[in-house]
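Got your viewer open and your selection tool ready? Load the model below, colour it by secondary structure, and we'll walk through it one selection at a time.

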Amino acid sequence: MTDVEPASVPSFGGFDAFADAETDDNNSKDYVHIRIQQRNGKKSLTTVQGLEKGIDYKKVLKAFKKDFCCNGTVVEDTELGQVIQLQGDQRKNVSTFLVGNKICKKDQVKIHGF
């Protein structure tokens, strides 16, 4: 094999997959993160974090459970604060609910997961 210098290898646009991921904690506090976690088999769990401090998480959870016909809970995390957990894949439902009820704006919602 011959040695190839890095300057002679062509660049294909240089797309950075992590360009939108911010490492600064101040910017990540502005977003509402909606994630999905796979459990065993087909079961999944949707988590919602980053809602404003003035919002009552218990009332939001009660509305989620009633509208989406699923069960859920509010979990207190040491690093993340309060996190809402819902059974099933409720990412789209939660996003439209939060935007529709003007709890947050559409550009503040970040949906993560497969």
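In which sense do S2 and S4 pair, and over how many bridges? They pair in the antiparallel sense, over 5 bridges. Before going on, some ground rules: this is a predicted model, where local features need pLDDT of at least 70, side-chain atom pairs count only at pLDDT 80 or more, and totals for chains, interfaces and linings use all residues. Residues are numbered from 1 along each chain as its sequence is written, and side-chain values use heavy atoms, with hydrogens and water left out. Helices (H or I, at least four residues) and strands (E, at least two) are DSSP runs, numbered from the N terminus; two strands pair if DSSP finds at least two bridges between them.

**Stop 1: the sheet**

Select the strands. You get an open sheet of 5 strands in the order S3-S4-S2-S1-S5, with mixed pairing. S3 (72-77) and S5 are the edge strands with a single partner each, so one side of each has no neighbour in the sheet. From one strand to the next, the twist averages 25°.

Now show Val48 and its bridge partner in S4, Ile84. Slide over to S1 and S2, which run antiparallel and are joined by 6 bridges; here Ile36 has Thr46 in S2 as its bridge partner. At the other end, S3 and S4 form a hairpin with 3 residues between them. Those two strands also pair in the antiparallel sense, over 6 bridges, and Asp77 stands opposite Gly81 in S4.

**Stop 2: the helices on the sheet**

Zoom in on H3 (residues 91-100): Arg91, Val94, Ser95, Phe97 and Leu98 are its buried residues. Buried means under 20% relative accessible area, exposed over 50%, partly exposed in between (1.4 Å probe, protein chains only). Look down the axis of H3 and the buried residues fall within an arc of 165°, so they line one face of the helix; the arc is that of the directions from the helix axis to the C-beta atoms. On the face turned away, pick out the exposed Lys92, Thr96 and Gly100. Just past H3, click Lys102, which takes a positive phi of about 55°.

**Stop 3: the core**

What is Leu51 in contact with, leaving aside its neighbours within four places in sequence? Val32, Tyr57, Val60, Ile84, Leu98 and Ile103, where contact means heavy atoms within 4.5 Å.

**Stop 4: the rings**

Finally, select Phe64, Phe68 and Phe97, which ring pairs link into a cluster. Rings of Phe, Tyr and Trp (its six-membered ring) pair if their centres lie within 6.5 Å; planes under 30 degrees apart count as stacked, over 60 as edge-to-face and the rest as tilted. Phe64 and Phe97 are edge-to-face, 5.0 Å centre to centre with 70° between the planes. Phe64 lies in helix H2 and Phe97 in helix H3, so the pair ties together parts 33 residues apart in sequence. The rings of Phe68 and Phe97 have centres 6.1 Å apart and planes at 80°, so that pair is edge-to-face.

Methods: Axes are lines fitted to C-alpha atoms, for helices over the stretch in contact, and angles run from 0 to 180 degrees between N-to-C directions.
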